Amino acid sequence: MTVETPAKPAGTHPTNGATHGAPHKSGLDARIPAGPLAEKWTRFKADMKLVNPTNKRKFRILVVGTGLAGGSAAASLAELGYEVDSFCYQDSARRAHSIAAQGGINAAKNYQNDGDSVWRLFYDTIKGGDFRAREANVYRLAEVSRNIIDQCVAQGVPFAREYGGQLDNRSFGGAQVSRTFYCRGQTGQQLTLGAYQALSRQVNAGRVRMHSRCVFQDLVVIDGKARGIITRDLVTGKLERHAADVVVLATGGYGPVFYLSTNAMGCNVSATFRAHRRGALFANPCFTQIHPTCIPVSGDHQSKLTLMSESLRNDGRIWVPLKKGDHRRPEEIPDNERDYFLERKYPSFGNLAPRDISSRAAKEACDDGRGVGESGLAVYLDFRDAINRLGRDTIAKRYGNLFDMYAHITAEDPYRSPMRIYPAVHYCMGGLWVDYHLMTNIPGLFALGEANFSDHGANRLGASALMQGLADGYFVAPYTITNYLASNKLQPVKTDHDAFKEAEANSRERIDRLLRVRGRKSPNQFHRELGKIIWDKCGMARSRQGLEEALRRLPELRQEFWENVSVPGSGESFNMALDHATRVADFLEFGELMCHDALQRDESCGAHFRVEHQYEDGEAKRNDDQYAYVSAWGYQGEGKAPTLNAEPLVYENVHLAVRSYK
Amino acid sequence: MNFTLHVWRQKDRNSPGKMEAIPAKNILPDMSFLEMLDIVNDDLMAQGKAPISFDHDCREGICGSCSLVINGRPHGPTRGTTCQTYMRHFKDGEAIYIEPWRAKAFPVICDLVTDRSAFDRIIQSGGYVSVNTGGAVDGNTLPIGKDTAELAMDTSACIGCGACVAACKNASAMLFVAAKVSHLGLLPQGQPERSSRALAMVNTMDKEGFGNCTNQYECEAVCPKEISADWISRLNRDYIAAAGSPGE
Ligand SMILES: Cc1cc2nc3c(=O)[nH]c(=O)nc-3n(C[C@H](O)[C@H](O)[C@H](O)COP(=O)(O)OP(=O)(O)OC[C@H]3O[C@@H](n4cnc5c(N)ncnc54)[C@H](O)[C@@H]3O)c2cc1C
Ligand code: FES
């Protein structure tokens with residue numbers, strides 16, 4: 001593939017010099033196979049180059065990440081016969097953040113006979129993403145979704161069943177069919193364990209070397225190709241070099257750039273951002289999803305937010321009091337004084353309107369002074385009618401563990417009074433730029449799962465991240481990586497190559513630099529301040545003025561960080577503070593990239609809501625003439641404005657329509 | 001609220017450890033136990049002292065990372081994980097004792113962090129269905145009764161935290177092994193390897209230095225996912241059948 005080196009910025013911005021005007025054509029080649037949409041993947045597989053079975057063991061592949069994407073990829077690649085090294089920062093591969101997904105996984109099985117099809121799942125996903133995703137990738141995703149369910153069943157994933165023994169489905173937002181497969185409220189856990197078990201089997205077979213408590217530090221690029229990585233052992237602090245033929249990053253999302261999110265505490269941007277520093281383009285970083293149904297913030301001490309699965313919206317109804325400042329208890333407010341605002345505004349999708357739309361509607365109601373709870377930053381999610389209709393037992397069977405979790409955290413009983421919920425940061429559509437092969441612009445570096453940008457455009461539909469992670473890992477990467485290995489003549493490299501030495505020295509210097517500061521403020525305090533700026537200025541509503549302000553304040557915070565962060569201890573031992581500080585340092589730089597992206601994209605689309613661009617009823621106003629492209633940013637140095645490469649999005653099969661759920 | 005924490009401090013695997021008294025000040029009842037430790041750690045770091053190390057990640061009771069013995073009980077006073085324990089369950093002014101999981105098979109790495117990789121090795125020895133990616137038949141070809149699916153789900157809800165081991169006076173991992181063996185053994189997909197799986201996993205458990213089960217039921221009492229010790233009887237039956245069958 002050809003990638004032009006990013007040229008000079010086309011238009012410069014007063015405060016920082018980033019390209020906030022029109023981007024330039026980048027020559028980014030997405031390598032989409034020719035032919036009709038429905039045949040592209042089949043054709044790719046028919047035309048791809050293969051590696052002889054006995055030669056496979058001569059290739060080494062490093063897979064960073066053991067979530068759905070990384071775990072499934074590492075297991076499948078090892079099954080094919082490749083030598084695989086698998087890495088995760090947790091103490092066990094099983095604890096990857098995918099374990100926390102609750103609600104379910106989509107697949108176009110049409111078991112319910114309700115009109116589902118590959119085309120419909122494809123269309124829902126493209127439309128859900130507000131027409132900012134690549135047609136060909138999304139179609140393939142819908143196509144392989146069916147194989148995922150079969151594969152998981154074969155592994156023993158205990159999906160929910162009907163009485164007749166058939167697989168059960170539930171509905172999720174943004175769709176009018178029932179295509180979501182689930183395991184109670186622990187779907188992510190069960191799918192992750194399936195992948196983890198497949199991976200464990202390969203460890204046992206000697207084809208995967210497992211490295212847990214091991215953090216990615218840097219990418220090693222030799223002759224323009226990804227040829228290895230540097231890692232840090234979290235227990236001994238030791239930096240290690242790993243040489244390989246292919247590097248796969250499946251390191252998940254960067255939600256904690258907002259500090260508070262539904263993500264695990266260790267989720268980070270470090271792996272993808274450091275690859276970005278080495279030349280990998282970062283696509284659509286400002287496309288971040290705010291999930292409508294989370295337990296509201298209760299105070300400044302809070303370290304994370306808890307999601308209440310979207311599946312609850314199958315039976316729960318969302319409302320606020322009709323009148324401002326109505327402080328009666330919810331049970332005392334009669335129906336005619338309640339505003340079921342999603343049902344009112346979006347009658348055909350009702351409580352199952354997509355996430356970006358539902359979140360904004362909740363924010364609007366609260367901004368209007370009709371929010372509930374002590375802070376006024378919450379809306380009700382009410383099961384009264386469902387309990388009356390179906391009985392408490394049925395509701396307990398469907399959502400028991402979620403109700404318990406809510407009761408545990410808030411000390412309130414959701415069977416008796418409605419839950420209080422508020423939107424929270426949940427998912428990152430943005431990620432490393434990849435082509436149809438899921439390869440970044442650095443040959444040999446692949447990105448899978450939430451770490452790439454590929455399938456969800458400007459907004460992801462519920463139950464589609466699990467689908468994408470497993471599609472990438474089980475069914476796409478094993479093919480495209482094989483094709484890469486077969487079509488490139490890779491010279492052997494050793495870890496004493498200068499590029500390894502340089503990358504290791506670079507990693508060491510970054511750690512030493514943090515340890516040298518010896519300041520007075522914990523990494524956590526900086527993290528919280530960063531999160532506040534990003535949430536306020538680059539959260540649910542964004543404006544030119546706010547983003548410009550963020551771009552002034554972030555460099556100041558970064559500077560203060562490097563002058564006053566406290567990282568006690570050494571780099572040669574288990575050091576939680578050091579670990580957190582390295583993540584925060586990368587988030588600080590990355591936050592600026594997000595704001596640049598949000599500022600440059602002078603339109604509203606999906607989760608990216610620029611207050612300057614809305615219809616009279618408050619709906620997002622897209623600008624297809626000027627912004628129907630992927631923004632792929634190139635790194636220019638710390639504190640330097642990034643450069644923008646645009647990959648135009650060409651729609652040959654769907655009509656770019658105003659996205660309506662009314 | 002204010003507390004005096006008595007925390008196990010240990011520099012690394014090879015250094016001796018000891019309890020250290022550390023004050024926790026200005027704590028709110030709505031804080032989670034780990035948020036309380038965050039505040040204490042911020043204070044320690046502001047003084048240039050090493051923070052208290054502990055494992056944690058999801059902070060919502062599902063990843064199985066968090067693993068503290070609080071006042072002698074794995075995961076503390078309430079049912080659920082450490083990260084789901086709230087300060088409202090403690091009395092203002094109380095002394096709180098915080099220790100790591102204690103078991104030969106889980107050596108301490110630093111302070112409250114232990115090495116639980118023995119659990120991974122147990123799974124590696126057989127905790128799966130041997131099926132490669134690709135070629136699976138349609139998911140509905142194999143009907144599975146709702147009740148069976150529910151029971152399988154009950155057992156596969158295990159989060160692999162290791163509280164069962166920490167609670168057991170023999171440091172036995174029987175509940176952990178029983179949960180996985182039963183999950184797969186209940187399902188038709190898991191039948192072909194049912195015996196060999198039970199055998200391999202129990203043997204690995206023994207090799208890793210976990211103790212025997214003497215029916216104390218401490219494991220069940222602390223399991224955050226309420227996995228029943230009855231599954232251990234099922235494991236015993238599977239194991240005896242496997243150990244007795246010459247073919248396996
Ligand atoms: C609470 C919650 C509920 C959700 N529910 C659903 C749902 O119902 N349906 C749905 O479709 N989606 C859901 N999602 C989204 C979905 O869970 C994630 O998008 C998806 O699981 C991501 O998988 P992944 O494999 O890409 O990354 P992850 O599962 O996050 O895995 C990342 C891996 O990379 C490793 N790693 C990360 N950084 C480094 C580093 N620097 N060095 C070394 N290793 C590293 C980690 O150790 C881990 O193994 C939910 C998300 C959340 C937060
Ligand atoms: S931190 Fe994940 S279970 Fe407690």
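Biologist: How many Å separate a nitrogen atom of ligand 1 from a polar backbone atom of A:Gly104?
Modeller: Keep in mind that this is a predicted model. A polar contact here needs N or O atoms within 3.5 Å. The ligand 1 nitrogen and the polar backbone atom of A:Gly104 are separated by 2.9 Å.

Biologist: What share of ligand 1's own accessible area does the protein cover?
Modeller: Ligand 1 sits between chains A and B, with 38 residues around it. On its own it has 1000 Å² of accessible area, and the protein's cover comes to 98%.

Biologist: Which element gives the most to the shell around ligand 1?
Modeller: Elements of chain A that give two or more residues include α3 (68-80), β16 (419-428) and α12 (465-487). The top giver, with three residues, is β7(A).

Biologist: Over in chain B, are α3(B) and α5(B) roughly parallel or antiparallel to each other?
Modeller: Helix α3 (residues 146-156) and helix α5 (residues 174-186) of chain B pack with their axes 8 Å apart, at an angle of about 160°. The crossing of α3(B) past α5(B) is left-handed. Angles over 145 degrees count as roughly antiparallel, so the pair is roughly antiparallel.

Definitions and conventions: Residues are numbered from 1 along each chain as its sequence is written. Chains are lettered from A and ligands numbered from 1 in the order in which they are written. This is a predicted model: local features need pLDDT of at least 70, side-chain atom pairs count only at pLDDT 80 or more; totals for chains, interfaces and linings use all residues. Side-chain values use heavy atoms; hydrogens and water are left out. A residue is near a molecule or strand if one of its heavy atoms lies within 4 Å of it. A polar contact is a pair of N or O atoms within 3.5 Å; within protein, one must be able to donate a hydrogen and the other to accept it, and residues adjacent in sequence count only if both atoms are side-chain atoms. Accessible areas come from the Shrake-Rupley method with a 1.4 Å probe; for residues, only the protein chains shown count as cover. Helices (H or I, at least four residues) and strands (E, at least two) are DSSP runs, numbered from the N terminus. Axes are lines fitted to C-alpha atoms, for helices over the stretch in contact, and angles run from 0 to 180 degrees between N-to-C directions. Angles under 35 degrees count as roughly parallel, over 145 as roughly antiparallel, 65 to 115 as roughly perpendicular and the rest as oblique. A crossing is left-handed if the near helix is turned anticlockwise from the far one by less than a right angle, and right-handed if clockwise.
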